[in-house]
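My notes follow the structure.

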Amino acid sequence: MAKKRVFSIKSELLTKSREAMLAAVQIYNNPRITFKTESFITLSVISWTYLLHAYFRTIKVDYRYFEIKGKRKIYSKTRYGAFKLRGLETCIKDIKCPLDKDTITNLEFIIGLRHEVEHQMTNKIDEYLSAKLQACALNYDYYICKLFGDKYNLSNELSLAIQFSPLTQNQQQFLINNPHCTSNVANFVVNFEKNLSDEILSSSRYAYRILFVPINAKRKGQADQVIEFIDSKSPLADSIEKKYAVLKETEKKKYLPGEVVKIMNEKGYNLFSMTRHTELWKAKNAKDPSLGYGVLVAKTWYWYESRVNEVKKHCLLNKNKYKNNG
């Protein structure tokens, strides 16, 4: 009887977990809903929490909060008598958590973002976060199948949201620099990502990015195939990029001015100072948005890698000026 009860609870947890993720994606894909990202974040946290509770139940790890008094477990309960259960943030820190490092990083991002959106109103943040949400959904489908079998597969029910016009690079830059994107969310994204390794930032488990390639149907029936997915790092992508204008969604690494100066100092240009750095960008008007050298986030300017490389070239050409050989 006890085994049947354990199975029943695990099955119920998985059903609710699956329904929560389906609801999250359906809401996000609904073009008439403007509160889609906030809804996805909330429901996906619930979905992943139920999934990990089901997994811990399977391997007999107690996911209820308790204290050991003597030889007894004293469980924490709500004032209405229900057991207090671990939240997702605690579950992913458990040594028995089955998720890989990049998936956990993605969930830490989602959880942190939930803390930002649940306490205050946000607006126009959907495009700013889409890669992370896509990764969250795909990671979920991968792990529910890996841990509990293909019968829980969601790939036939999760759909790709379609828009009616492609994003140009200028439009992407506008979305990232959009002053209507809530500043606390922008601050969270920048602060969360500044210490992540390049390996995690480029991982599809952390943020899922796709190369979209226009194709022409040459045979009957192919017209139903709207898009083709290929790895943007593959040899095929290299050859395609020579023939087509390829759109890639990228989240560029950002550097504070002081970090740029530090990089130059570490390369031996120890006379390159913040004053020199400021004089240099002002002389070149490097903060002109059309140049794409950086971005203003919540009143703080960040430089992109392309600008760091320009500064490196400048220092190399003027090495006698910036190197103290004494």
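**Helix packing**

I began with helix 10 (residues 257-266) and helix 12 (residues 305-317), which pack at an angle of about 40° with their axes 11 Å apart. Axes are lines fitted to C-alpha atoms, for helices over the stretch in contact, and angles run from 0 to 180 degrees between N-to-C directions. Helix 10 is therefore oblique to helix 12; angles under 35 degrees count as roughly parallel, over 145 as roughly antiparallel, 65 to 115 as roughly perpendicular and the rest as oblique.

This is a predicted model: local features need pLDDT of at least 70, side-chain atom pairs count only at pLDDT 80 or more, and totals for chains, interfaces and linings use all residues. Residues are numbered from 1 along each chain as its sequence is written, and side-chain values use heavy atoms, with hydrogens and water left out.

I read the crossing of helix 10 and helix 12 as right-handed (near helix turned clockwise from the far one by less than a right angle; anticlockwise is left-handed). Val260, Ile263 and Met264 of helix 10 meet Val308, Val311, Lys312 and Cys315 of helix 12 (contact means heavy atoms within 4.5 Å). By class I noted six nonpolar, no polar and one charged residues there.

Next I took helix 2 (residues 36-58) and helix 4 (residues 101-117). Their axes come within 10 Å and cross at roughly 125°, so helix 2 and helix 4 are oblique to each other. Helix 2 passes helix 4 in a left-handed crossing. From helix 2, Glu38, Ile41, Ser44, Val45 and Trp48 meet Thr103, Leu107, Ile110, Leu113, Arg114 and Val117 of helix 4. This contact has seven nonpolar, two polar and two charged residues.

**Aromatic rings**

Which residues cluster with Trp48? I found Trp48, Tyr140, Tyr142 and Tyr143 in one aromatic cluster. Rings of Phe, Tyr and Trp (its six-membered ring) pair if their centres lie within 6.5 Å; planes under 30 degrees apart count as stacked, over 60 as edge-to-face and the rest as tilted. The count comes to nine aromatic pairs. Tyr142 and Tyr143 pair edge-to-face, 4.9 Å centre to centre with 85° between the planes.

Are these two buried or exposed? Tyr143 has 2% relative accessibility, so Tyr143 counts as buried. Tyr142 has 35%, so Tyr142 counts as partly exposed. Buried means under 20% relative accessible area, exposed over 50%, partly exposed in between (1.4 Å probe, protein chains only).

Trp301 and Trp303 also pair edge-to-face, at 5.5 Å centre to centre and 70° between the planes. Both are buried.

Conventions:
Helix = DSSP H or I, 4+ residues; strand = E, 2+ residues; numbered from the N terminus. Nonpolar A, V, L, I, M, F, W, Y, C, P; charged D, E, K, R; others polar.
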